[in-house]
Amino acid sequence: PDADAACDERKNLHCTKTHKISTWNIRGMSQGKLDIIKREMIRLNIDLLGISELHRKDNGHFQLDDFSVYYSGHQELRRNGVALIAHKNIAHAVESYTIFSDRIVAICICGKPLNVTVLQVYAPTTDAPEDESERFYTKIEEALEQVPKKDIIYIMGDFNAKVGSQEEANIIGRCGLGERNKAGDSLVKFCHENHFRVSNTWFMQPKHCLYTWTAPNGQHRNQIDYILCSQRWKSSVLTIKTFHGADCGSDHELLVTTFKVKFCNIKQEHIPYKKLEKRSKWLSAETIKVADQRRAAKATGDRDEARRLNAEFQRAARKDKEAYWDQRCKQMEEDCRKGHTRNLFAPVKKIRTYFTARKGAIKDKNRKVLTGQQCIRSRWREYTEELYASTSDPETPHDIPVKMEPAILEPNNKAPSIDCIPEEMLRPVPPVAIKAICQKIWETSRWPKDWKRSVFIPLPKKGDARDCCNYCTIALIRHASKVLLKIIEQSLHPIIEAELPESQAGFKRGRGTSDHITNLRWITEKCHEYQKNVYICFIYYSKAFDFIKHDKLWKALGYILSPFLFNLFAEIIMRKELEIGVKIGGRNINNLRYADDTILLAETEDGLKYLILRIKKESEKMGLHLNIKKTNIMTTAGNGAVKITINSEEIKCVKVFCFLGSMIDRTGDCGPEISRSAMLSMHQIWKSKDISLTTKCKMVHAIVFPISMYGCESWTLKKDRKRMDSFELWCWRRLLWIPWTARVTNKEVLERIKPEISLVGKVTRLQLTYVGHMMR
């Protein structure tokens, strides 16, 4: 009966169109190789290409012109790695992809009436330990358990195994090559247990169309790359062979199979995303011509010529990349000469930003991994509904005086919401009309339904990227609603300012992160100077701006404006006067706050524990929850070890903590945090001869020095002056390309650069400015 059902299902398949899927071991993604692979896919009409030995870190997916790339690599090392590249012909039918390891990646394609699941794998070599090979096949079986039973399944890749020409019933055909080895026995055993067949061995082809790998000396050839098909759907495979005319500089051949199945379009909801820019084609026509000559030499069997052309291609690709950067640098110099500052620094931002691929999986409540687009979208909808479950529209208190003066939205390039209306379109609207609309909304206490709809953008934070809790949800609200919110903010701003104490520095005019960085450093420094102990707790709230009970905020004052009203919210929690704290200059200081970044201070361990318990209790009344796992404590007492347990959960003790972007040390050391990463990330610009020295100096003063001087208002320069001077001279020497072996004095370097003020002078000027700010 099962066989009859399978036959009926195959008859119902709309096999009206053939597709080509292939696998290729590219032996590393070197410079320019991805563009060559794209050209080969277009030339041979390949719809889906599986890649082994990608040699790329991390995992995710990204768009590349007309192709979608789904990849999985090692987290730390550039080894192994697999990927699947889908052409736009079938990319519209991709429902999901799943990462299993740096050797296995799967993709699900929506078909009619059944879906197609393709696994790309890369097996350990024969030199690897035997248990590693066993773990590899065990991992594939675990992946197959997550695939629906009815799906048409293909497994392809470099198995590093020889199955030989010995026939095996319904598994191995008579068209194999060579003798079976131990790794081949493992592959045959896997196919037998999971009902797969090795498709390579079932199609009669010339021998040169069967082998997939050639030794570097050209004397040995083997068949080690395979495409496995589930026995139930063996008739879907029409043909399979290697293409020796395809070339990307690898010693493996491209293995291509043709099969019949109908793919379906997946309807996407309209979301106003910014259109992706087309990737610049930096490979020149001469370099592509060399690649074509290499392919022709490989097809004729001239291995020496192919090896020579491969080296020539790599040299040419590097030169093309340098020429591409030179062109961009010339444009940057031109923008600087014309005074186009935005155009000048836009490429710099792209250079300094590291590439991060999008993730294609998320976990549900039960920690089960979801991969389908519809499932992921439903999970995010469920998560956001739970997150804002306490958010209701409370009755508006009309005793708050609000002047309906039309607010002006300044141009800031903000993304539009679901209505796709940019803020520029609101400028021609008469202020009288805006005032009338806002007045009616305020009087009726009814927010327009369209204004309640928004687009949520999840931004990943630290931690598991598959957990919704490790994302910061940003809501893109309509620009029209921002007008009313701006009016309310302007009305409530003086009332809020009057209620907030000095310990709160977030969202306050004239206050910033540098204030509390300086305060905390001075407190630890003074305690160290007077031999007093101080115990510090860095509070971490779970989704602080999202879990607020807005009805409580109404009792405090005003409307739902989280960034500003959260300060009042935190003030309700911290308002009760306590004698516990650090006494400096006759004042008792027990907390420092910047929005939701809260610090608790005490002179004893018991006092700090009491403060934590009290803040935890008061916060839970208002709907906020402390994340004990991410909360940290620090002390200047003894060796810095302290143990505090809250609800049977121990708080982590640290000796260095990053507070508001600045590193705080338990010893009270306030030395400069000199980091050379900002300088090193822009080496393409510094080495360019098309950018003048004047422009490079402007970039150093605008980007490198401000990053290095962050939080410098509290630095002590007596001990670290030489360190700052050496960093500044190191930057200038890199601009001038002076090697460390050259006998060039620092005086000569400064004469060439002619800086208006030194880095130490900049820091001193900022410190004096901050002193004046404090005195005012």
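Trainee: What is the relative accessible area of Glu305?

Mentor: In this predicted model, local features need pLDDT of at least 70 and side-chain atom pairs count only at pLDDT 80 or more, whereas totals for chains, interfaces and linings use all residues. Residues are numbered from 1 along each chain as its sequence is written, and side-chain values use heavy atoms, without hydrogens and water. Buried means under 20% relative accessible area, exposed over 50%, and partly exposed in between (1.4 Å probe, protein chains only). Glu305 is partly exposed, with a value of 27%.

Trainee: Which residues do salt bridges that share partners join into one network?

Mentor: Two members, Glu40 and Arg43, lie three residues apart in helix α2 (residues 33–43), and their closest N and O atoms are 2.7 Å apart. Glu40 is buried at 2%, whereas Arg43 is partly exposed at 41%. The network comprises Arg39, Glu40, Arg43, Asp292 and Arg295.

Trainee: How many residues apart in sequence are the parts that Glu132 and Arg103 tie together?

Mentor: The two side chains meet in a salt bridge of 3.1 Å, N to O. Glu132 is partly exposed at 23%, while Arg103 is buried at 12%. Because Glu132 lies in helix α4 and Arg103 in the loop between β6 and β7, the linked parts are separated in sequence by 29 residues.

Trainee: How many bridges join β6 to β7?

Mentor: Strands pair if DSSP finds at least two bridges between them. β6 (94–101) is an edge strand, pairing on one side only. Val94 stands opposite Ile109 in β7. β6 and β7 (residues 104–109) run antiparallel, and the bridges between them number six.

Trainee: Which side chain of opposite charge is nearest to Glu333?

Mentor: Lys and Arg count as positive, Asp and Glu as negative, and His and the chain ends are not counted. Glu333 lies in helix α7 (residues 303–338). It is buried yet has no salt bridge; at 6.9 Å, the nearest such side chain is Arg337.

Conventions. Helices (H or I, at least four residues) and strands (E, at least two) are DSSP runs, numbered from the N terminus. A salt bridge is a side-chain nitrogen of Lys or Arg within 4 Å of a carboxyl oxygen of Asp or Glu.
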